[in-house]
Amino acid sequence: MNEPDDMRALVETLPLVVYTATLDEKGKPRFVAPQVQDLLGIPAEEFTFDQLVAGIHPDDRDEVARRFREADRNREDLTIEYLWVHTDGRTIWLEDASRVVDVHGEPVAQGYLLDVTRRKETEVALARRTEGRQHRAARGRYSREGASSDDIVHGALQILREDVEKVYRTRVSA
């Protein structure tokens, strides 16, 4: 067995992107697994962390970039999830985790990028289902407490209004 070749084969076939990077101001990649092209649409030999930040969804970009800079400056490990806009236009959730290690006296971030879109979609679906159950339970308690039909309808409409406001992030007038 050729251990370096076996390790490279492992890294290049994992269902995630392994990377190493300097922690200087430029944050240059030292190694990026070729799976980055499938995950982000960027060939490994062209990948930069500036491209990674540029592809972060605008709703997440400033906060994630700030957390990257802070972790690099403080030489801290970081695990963060954010929305990323693929070069083909679709939006995916990424888990980006890195650990700072010393390589020949130089601090280096070693980490991975993992598509967690399915997990995030499942979490959202479960949260919605849980909210629905809680709303139905609240309506049931309300009706058991002797509320009138009008009160029950009004309560159901209030719950619906709150759901609409959450989804569309806007106020609904009564």
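User: In which sense do β1 and strand β5 pair, and over how many bridges?
Analyst: This is a predicted model. In the model, β1 and β5 (residues 106–115) pair in the antiparallel sense. The pairing runs over six bridges.

User: Which residue in β5 is the bridge partner of Val18?
Analyst: Tyr112 is the bridge partner of Val18.

User: How many bridges join β1 to strand β2?
Analyst: Three bridges join β1 to β2 (residues 29–32). These two strands also run antiparallel. Take Ala21 as an example: its bridge partner in β2 is Pro29.

User: What do β1 and β2 form, and how many residues lie between them?
Analyst: They form a hairpin, with six residues between the strands. Look at Gly27 in the turn: its phi is positive, about 55°.

User: Is strand β1 mostly covered or mostly open?
Analyst: Mostly covered. β1 spans residues 17–22, and six of its six residues are buried. Read the two faces separately. On one side sit Val17, Tyr19 and Ala21, all buried. On the other sit Val18, Thr20 and Thr22, likewise all buried.

User: What describes a pair of aromatic rings?
Analyst: Two values do: the distance of the centres and the angle of the planes. Searching the whole structure gives three aromatic pairs. Start with Phe47 and Phe49. Their ring centres are 5.1 Å apart and their planes stand at 80°, so this pair is edge-to-face. The cut-off for that class is an angle over 60 degrees.

User: Are Phe47 and Phe49 buried or exposed?
Analyst: Both are buried. They also belong to one aromatic cluster with Tyr19. Tyr19 brings us back to β1, where this residue is on the side with Val17 and Ala21.

User: Why is the pair of Phe68 and Tyr82 edge-to-face?
Analyst: The planes of Phe68 and Tyr82 are at 85°, with the ring centres 6.0 Å apart, so the pair counts as edge-to-face.

User: Why do Phe68 and Tyr82 count as buried?
Analyst: Check each against the cut-off, which is under 20% relative accessible area. Phe68 has 15% relative accessibility, so it counts as buried. Tyr82 has 0%, so it counts as buried too.

User: Which residue lies over the face of Trp93?
Analyst: Lys120 does. Its distance from the ring centre is 4.5 Å.

How values were computed: Residues numbered from 1 in each chain as written. Predicted model: local features only at pLDDT ≥ 70, side-chain atom pairs only at ≥ 80, totals over all residues. Heavy atoms only, no water. Buried < 20%, exposed > 50% of the residue type's maximum accessible area, 1.4 Å probe, protein only. Helix = DSSP H or I, 4+ residues; strand = E, 2+ residues; numbered from the N terminus. Pairing = 2+ DSSP bridges. Phe/Tyr/Trp six-rings, centres within 6.5 Å; stacked < 30°, edge-to-face > 60°. Lys NZ or Arg CZ within 6 Å of the ring centre and 35° of its normal.
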